[in-house]
Amino acid sequence: MRVMLRAVMDTQVSNGAIKTGRLPEIVKSLMDRLDPEAAYFGPGDGGRCCILVFDLQDPAAIPTIAEPLFQELGAKIEINPVMTREDLQKGLAALQ
């Protein structure tokens, strides 16, 4: 299932991760594991933010995805199912 992960990192905690060099390592590990079809980074909700769109094959993987963000970056996380334009058109056509 295609999902969108949005993580807003705690500024103080992520500042520390930058100073120690951990932030690039955490991001690289996440990118390597998820192989997202889209990845965006920038400010959001007053902190550092990332948005990743990827295929979540097994919901049991959510803890392995979320915990490094929670534990190492103090992040607030949302994971939501999302559709492409084509998915939406297909779903709407099925309503008729």
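**View 1. Ser14 and its polar partners.** The Ser14 side chain reaches the backbone oxygen of Thr11 at 3.2 Å. A second polar contact joins the side chains of Ser14 and Arg48 (2.6 Å). A polar contact is a pair of N or O atoms within 3.5 Å; within protein, one must be able to donate a hydrogen and the other to accept it, and residues adjacent in sequence count only if both atoms are side-chain atoms. This is a predicted model: local features need pLDDT of at least 70, side-chain atom pairs count only at pLDDT 80 or more, and totals for chains, interfaces and linings use all residues. Residues are numbered from 1 along each chain as its sequence is written, and side-chain values use heavy atoms, without hydrogens or water.

View 2. Ser14 sits in helix α1 (residues 11-20); helices are DSSP runs of H or I, at least four residues, and strands are runs of E, at least two, numbered from the N terminus. Ser14 is buried, at 0% relative accessible area (buried means under 20%, with a 1.4 Å probe and protein chains only). Beyond neighbours within four places in sequence, Ser14 is in contact with Met9, Arg48 and Leu73 (contact: heavy atoms within 4.5 Å).

View 3. The open sheet has four strands, ordered β2-β3-β1-β4, with antiparallel pairing (strands pair if DSSP finds at least two bridges between them). The edge strands are β2 (38-44) and β4 (76-81). Six bridges join β1 and β4. Leu5 has Ile79 of β4 as its bridge partner. Among the other contacts of Leu5 are Phe54, Ile65 and Leu69.

Key. Buried < 20%, exposed > 50% of the residue type's maximum accessible area, 1.4 Å probe, protein only.
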